[in-house]
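Work through the exercises below with the sequence and the model at hand. Try each task before reading its solution.

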Amino acid sequence: MLKRINRKQRWTQHHWIRLVAGSMILLSLLLALTNQNWLFLTAFVGLNLLQSAFTNWCPLIVLLQKLRVPEQ
């Protein structure tokens with residue numbers, strides 16, 4: 001059964017990482033329609049997601065921690 005989304009729930013770092021990564025990928029793909037060099041941004045985001053899976057470190061987490069976004 002699907003869990004209902006609590007609209008009052010605070011966004012955690014995991015929510016923000018998914019939002020930013022997904023937005024950057026979609027934005028770079030849209031911009032690639034005008035200039036294919038934007039696909040390098042897509043590749044960069046993908047590589048960053050891969051390296052963060054292995055190292056458990058992401059530059060965005062550092063920023064989110066400075067902004068005091070809750071971890072969980």
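The exercises go from the overall fold to single residues.

The model is predicted, so local features need pLDDT of at least 70 and side-chain atom pairs count only at pLDDT 80 or more, while totals for chains, interfaces and linings use all residues. Residues are numbered from 1 along each chain as its sequence is written, and side-chain values use heavy atoms, with hydrogens and water left out.

**Exercise 1. Describe the secondary structure and the surface of the protein.**

Step 1. Helices (H or I, at least four residues) and strands (E, at least two) are taken as DSSP runs, numbered from the N terminus. The protein has 3 helices and 0 strands, and the order from the N terminus is α-α-α.

Step 2. Accessible areas come from the Shrake-Rupley method with a 1.4 Å probe, and for residues only the protein chains shown count as cover. The accessible surface is about 6600 Å², with 65% belonging to carbon and sulfur atoms.

Step 3. A residue is buried under 20% relative accessible area, exposed over 50% and partly exposed in between (1.4 Å probe, protein chains only). Of the 72 residues, 19% count as buried.

Step 4. A contact means heavy atoms within 4.5 Å. Among contacts with a separation of 6 or more, 53% are between residues 24 or more positions apart.

**Exercise 2. Classify the aromatic pair by its geometry and state how accessible its members are.**

Step 1. Rings of Phe, Tyr and Trp (its six-membered ring) pair if their centres lie within 6.5 Å; planes under 30 degrees apart count as stacked, over 60 as edge-to-face and the rest as tilted. The structure holds 1 such pair.

Step 2. Trp11 and Trp16 form the pair, at 5.0 Å centre to centre and 55 degrees between the planes, so the class is tilted.

Step 3. Trp11 is partly exposed because its relative accessibility is 42%. Trp16 is partly exposed too, with a value of 33%.

**Exercise 3. Which residues, Asn56 or Arg68 or both, have a positive phi, and are they buried or exposed?**

Step 1. Most residues other than glycine have a negative phi.

Step 2. Asn56 has a positive phi, near 60 degrees. Asn56 lies in the loop between α2 and α3 (59-66) and counts as exposed because its relative accessibility is 70%.

Step 3. Arg68 also has a positive phi, near 60 degrees. Arg68 is found in the segment after α3 and counts as exposed at 73% relative accessibility.
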